[in-house]
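The following paragraphs go through a protein model step by step, beginning with a pocket and moving on to an annotated position and to contacts between side chains. Please keep the structure open while reading.

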Amino acid sequence: MTNTDYQSDTIKDVTPEPLGARRIVVLISGSGSNLQALIDAQSHDRLGGGEIVAVISNIADAYGLKRAREAGINAVALPHREYDSREAYDGALIKVIERHEPDLIVLAGFMRILTPRFVQRFLGRMLNIHPSLLPDYQGLNTHARALADGVASHGCSVHFVTEDLDGGPVVLQAELLVNADDTAETLQEKVRDREHLIYPIAVQWFLEGRLQFSAEGAKMDGHLLPEHGMRLSHADAAEELDEELDEES
């Protein structure tokens with residue numbers, strides 16, 4: 001992980017204070033592959049002592065709900081089409097979430113634009129993952145847009161959720177070098193692998209009390225992070241994922 005404003009060795013030197021069990025609610029809309037990465041991390045005690053207590057989907061037949069049930073996690077379908085406005089839906093969603101008393105809300109492919117009321121209710125304890133190196137390519141179709149621009153690198157970002165769509169403070173990124181023969185589909189696959197790698201790390205940091213949201217931006221161990229947060233280089237991500245570097249460059 002590299003940047004000029006933050007010393008990465010601090011990550012190794014700081015011992016987080018134990019905070020006890022922390023409760024996580026995950027919001028999904030689809031297959032839940034990032035949810036599965038979090039479930040797997042929890043099963044290996046790599047979520048900072050956190051426990052996923054509920055998975056909520058706005059799509060009743062989302063496959064991610066099946067993943068939750070198979071893991072023994074409370075799976076809740078709250079279809080958005082049953083509500084006549086975005087505000088009404090988010091009001092109901094707030095009530096369902098608060099029943100589970102979460103310390104952290106994790107958006108894992110939750111394909112809804114959140115209302116200001118919802119964001120403000122959980123501000124500072126809600127994370128999202130986005131398939132680009134933010135602030136580049138906010139919104140949809142990130143892989144196709146990156147290819148159209150001929151970028152040399154692409155990736156994914158974990159960020160705090162604010163009222164600005166994909167505009168909250170970035171916590172952690174993983175970089176990917178773009179090959180000449182890459183397509184939107186191949187980029188999607190490789191970026192998704194990086195999402196599964198870094199999302200549990202960011203969740204762990206938050207639940208250990210090391211990662212905080214502030215008015216100035218995201219802070220790690222009390223240090224303000226730069227605009228792009230911490231960044232895992234292409235080489236480091238490829239090593240963690242057992243990718244062949246000579247085939248990636």
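In this predicted model, the largest pocket is lined by 38 residues, and those lying nearest its centre are Gly109, Phe110, Met111, Ile129 and Pro131. Several elements give two or more residues to this lining, namely helix 2 (33–43), helix 5 (116–121), strand 5 (126–130), helix 6 (142–149), strand 6 (153–160) and helix 7 (184–207). The volume of the largest pocket comes to about 990 Å³, and the residues of its lining divide into 14 nonpolar, 18 polar and six charged.

Is His130 buried or exposed in the model? Its relative accessible area is 4%, and because buried means under 20%, His130 counts as buried.

A pair of aromatic rings is described by the distance of the centres and the angle of the planes. The count of aromatic pairs in the model comes to four, and one of them is formed by Phe160 and Phe206, whose rings are edge-to-face at 6.3 Å centre to centre, with 65° between the planes. Since Phe160 lies in strand 6 and Phe206 in helix 7, this pair ties together parts that are 46 residues apart in sequence. Phe160 has a relative accessibility of 0% and therefore counts as buried, and Phe206, with a relative accessible area of 13%, is buried as well.

Phe160 takes part in another aromatic pair, this one with Phe213, which is again edge-to-face, with 5.4 Å centre to centre and 70° between the planes. Here too distant parts of the chain are linked, for Phe160 is in strand 6 whereas Phe213 is in strand 8 (residues 211–213), 53 residues apart. Phe213 has a relative accessibility of 27%, so this residue counts as partly exposed, because that class covers values between 20% and 50%. Taken together, Phe160, Phe206 and Phe213 form one aromatic cluster, in which Phe160 is a member of both pairs described above.

How values were computed: Residues numbered from 1 in each chain as written. Predicted model: local features only at pLDDT ≥ 70, side-chain atom pairs only at ≥ 80, totals over all residues. Heavy atoms only, no water. 1 Å grid on protein atoms, 1.4 Å probe; cavity = no way out; pocket = protein on both sides within 12 Å on 5 of 7 lines; lining within 4 Å. Points joined across faces, edges and corners; volume = space filled by probe spheres on them. Helix = DSSP H or I, 4+ residues; strand = E, 2+ residues; numbered from the N terminus. Nonpolar A, V, L, I, M, F, W, Y, C, P; charged D, E, K, R; others polar. Phe/Tyr/Trp six-rings, centres within 6.5 Å; stacked < 30°, edge-to-face > 60°. Buried < 20%, exposed > 50% of the residue type's maximum accessible area, 1.4 Å probe, protein only.
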